[in-house]
Amino acid sequence: MAGQTELVRQELARRALLRKSLLNFINVNVPGYSAGWVHKLVCAKLEKFAQDIREKRAPRLMLFLPPRSGKSEIASKMFPAWYLGHNPTHEIIACSYALALPMDFSKKIKDVLRTEHYKTIFPVTRLDKYAQSTEAWKTSKGGAYVAAGVQGPITGKGAHCLIIDDPVKDAEEADSETVRQKTWDWYGSTARTRLAPGGGILLIMCMTGD
């Protein structure tokens, strides 16, 4: 009996750690994941970002990382799943230069939420069985995730957390004054206006150069 009680205690402690630590949450959801110092730093920044949203501090976080550094795995796939575990009533809008990218993120996040493992860590957060479209789905507690392309239709949607992952496609678009202006106009006139009071904006950009 004492041994069984200890096993239960250890399991509850493990679940509590996974709820608290984004990095540990990623480690158990991504087989073979190997975190470097930069990934640990990004996770710490995202944990603080999430806390600031809960406290309605209107945080802004920008992540600039090289290609293939795992920024989207952390910030656009695992973080939203972990965030909704803590905040099942919150809404997330995820945008990129094209709709296909946040749609891929959406599929991954839903897959994570469906696992039995996730349900033991976050027993309150569940997908709404009546609203599971990849482009826009909900939690059973009223939260939501919307995938959109930059300059795409998000009017009428709300966001406690707005994630913009690579708003421009490549260096050629980034060098285009026309594209930059259109993207900035979309951000100022549409994207930013979707935020709930105290909501946060996460910008993720690919950093290139010598």
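Isoleucine 92 has cysteine 161 as its bridge partner in strand 6. The model is predicted: local features need pLDDT of at least 70, side-chain atom pairs count only at pLDDT 80 or more, and totals for chains, interfaces and linings use all residues. Residues are numbered from 1 along each chain as its sequence is written, and side-chain values use heavy atoms, with hydrogens and water left out.

Strand 2 pairs with strand 6 (residues 159–165) in the parallel sense, over four bridges. Strand 5 (residues 144–149) also pairs with strand 2 in the parallel sense, over six bridges; here alanine 94 stands opposite alanine 147. Two strands pair if DSSP finds at least two bridges between them. Helices (H or I, at least four residues) and strands (E, at least two) are DSSP runs, numbered from the N terminus. Of the six residues of strand 2, five are buried, and the strand is mostly covered. Buried means under 20% relative accessible area, exposed over 50%, and partly exposed in between (1.4 Å probe, protein chains only).

## Serine 96

Serine 96 belongs to strand 2 (residues 91–96). Serine 96 counts as buried because its relative accessibility is 0%.

Not counting residues up to four places away in sequence, serine 96 touches Leu101, Pro102, Ala148, Gly149, Val150, Asp165 and Asp166; contact means heavy atoms within 4.5 Å. Between the C-alpha atoms of serine 96 and glycine 152 the separation is 9.5 Å, and these two residues are 56 residues apart along the chain.

## Serine 21

Serine 21 sits in the loop between helix 1 (2–20) and helix 2 (22–29). With a relative accessible area of 13%, serine 21 is buried.

The side chain of serine 21 makes a polar contact of 2.8 Å with the side chain of asparagine 24. A polar contact is a pair of N or O atoms within 3.5 Å; within protein, one must be able to donate a hydrogen and the other to accept it, and residues adjacent in sequence count only if both atoms are side-chain atoms. Leaving aside neighbours within four places in sequence, serine 21 is in contact with Glu47 and Trp82.

## Methionine 62

Methionine 62 is part of strand 1 (residues 60–65). Its relative accessible area is 55%, so methionine 62 is exposed.
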